[in-house]
Amino acid sequence: MEQQEHDAERAGDGTDVAKLARDVERLLWRATAAERMLAGVLRRMGVDQRQINRVHAAQDLDLAHAAGEANVVHEWLTGESIWGEYEEAMCGRYAIIDAPSDLRARFGTSNPLINFDPNYNAAPTQALPVIRLHPKEGTRHLDLLQWGLVPPWADLANKGLQPTNARAETLLEKPIFTQPFRRGQRCLVPMNLFYEWKKLGNTKQPYAFAAVDRSPFAVAGLWEVKKVSEGEFLRSFTVITGKPNQLVQEVHDRMPIILPESAWATWLGEIPNAMPDSVLKTLPAELMQAWKVDAAVGNVRNNNPGLLDPLP
DNA sequence: CCAGACGTTGTT
DNA sequence: GTCTGG
DNA sequence: CCAGACGTTGTT
DNA sequence: GTCTGG
């Protein structure tokens with residue numbers, strides 16, 4: 001939308017433009033809240049999400065669309081979008097190909113080795129290796145956890161929130177993250193590289209981002225455990241994202257928070273009185289390399305070393 | 001106080 | 001569990 | 001993150 | 001467009 005001047009407080013017919021803009025904004029949020037409320041009620045009644053969408057359509061309750069129209073009006077009146085500026089992309093796919101014994105050596109874990117295959121296309125919902133501090137033994141453990149944070153109070157039947165990412169900037173403000181953060185349920189997520197997709201008109205071009213020496217990154221994460229039944233627990237994790245460095249910025253507006261080795265102990269909680277959130281900083285671009293990869297990585301069923309081959 | 005939500009990204 | 005909105 | 005699916009009745 | 005599954 002073109003930038004416009006909005007110096008005039010009143011239109012020619014005496015309309016209070018600022019008041020009109022406030023009214024539009026208030027109505028927009030009420031409409032959005034009403035839609036969410038209705039959807040929430042139906043969901044709790046056990047109605048399938050697709051049916052909920054059909055109810056919205058059948059009852060002309062396409063309030064999201066109405067909100068979009070309202071925002072157009074709001075932008076015209078004030079020159080600003082109610083939703084503000086949006087940012088692009090996150091961290092939703094990576095590769096972890098080091099053998100379990102290599103990860104144990106690199107991160108100094110001491111629990112019995114588990115077995116897992118090299119994963120060239122790690123995606124949300126998969127069981128993936130993370131490093132945690134065992135609270136009683138005080139030692140580091142390497143375990144497989146499910147990607148997508150499932151808090152203990154989650155309603156599994158309703159498939160609630162399972163965020164794959166947490167924004168570093170707002171980590172301590174979000175109820176779903178404050179609990180694991182404060183309880184020291186912080187972890188390192190090893191990645192040999194992560195993928196980001198660059199939008200090019202109608203197409204997308206995936207890129208790989210790795211350390212200069214291709215050794216695994218330690219990405220900051222949080223983990224949770226939920227009791228599913230007697231003796232059965234669901235352990236899960238989420239990846240923390242932050243601002244991109246100059247290298248990643250060419251492709252996307254977010255990147256995972258990669259911790260230098262000097263920050264591992266602080267993040268894991270091995271150092272008393274250290275401030276874990278103080279280590280959540282963007283890794284400098286000089287420590288990373290990037291290259292184009294084949295679009296085949298988009299399909300999670302593709303999982304082979306060829307996905308890492310550089311494209312010209 | 002209770003009820004209800006709790007996240008990310010990407011789009012209008 | 002814990003925070004926000006009413 | 002992307003790929004792939006996306007119904008059927010009866011209806012204010 | 002929007003949701004689910006991987």
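Colleague: Hi! How many bridges join strand E7 to strand E8, and do they run parallel or antiparallel?

Modeller: Hello! In this predicted model, strand E7 (residues 193–200) and strand E8 (residues 203–211) run antiparallel, with eight bridges between them.

Colleague: Nice. Which residue in E8 stands opposite lysine 198?

Modeller: That would be glutamine 205.

Colleague: And what sheet do those two strands belong to?

Modeller: E7 and E8 sit in an open sheet of five strands, in the order E2-E1-E7-E8-E12, with antiparallel pairing. Strand E2 (119–122) and strand E12 (288–292) are the edge strands, each pairing on one side only. From one strand to the next, the twist averages 30°.

Colleague: What do strands of a sheet pair through, in general?

Modeller: Backbone hydrogen bonds, and the strands can be either parallel or antiparallel.

Colleague: Switching to helices: which residues of H5 are buried?

Modeller: Helix H5 spans residues 175–182, and its buried residues are Ile176, Phe177, Thr178, Pro180 and Phe181.

Colleague: What covers them?

Modeller: The cover includes strands E5 (165–167), E6 (186–191), E9 (217–229) and E10 (232–242), along with helix H7 (261–268).

Colleague: And which residue just after H5 takes a positive phi?

Modeller: Glycine 184, with a phi of about 75°.

Colleague: Now the whole chain. How many helices and strands does chain A have?

Modeller: Chain A has seven helices and twelve strands. Of its 312 residues, 41% are buried.

Colleague: Last one: what share of contacts between residues at least 6 apart in sequence join residues at least 24 apart?

Modeller: For chain A, that share is 66%.

Definitions and conventions: Residues numbered from 1 in each chain as written. Chains lettered and ligands numbered in written order. Predicted model: local features only at pLDDT ≥ 70, side-chain atom pairs only at ≥ 80, totals over all residues. Heavy atoms only, no water. Helix = DSSP H or I, 4+ residues; strand = E, 2+ residues; numbered from the N terminus. Buried < 20%, exposed > 50% of the residue type's maximum accessible area, 1.4 Å probe, protein only. Contact = heavy atoms within 4.5 Å. Pairing = 2+ DSSP bridges. Axes fitted to C-alpha atoms, helices over the stretch in contact; angles between N-to-C directions.
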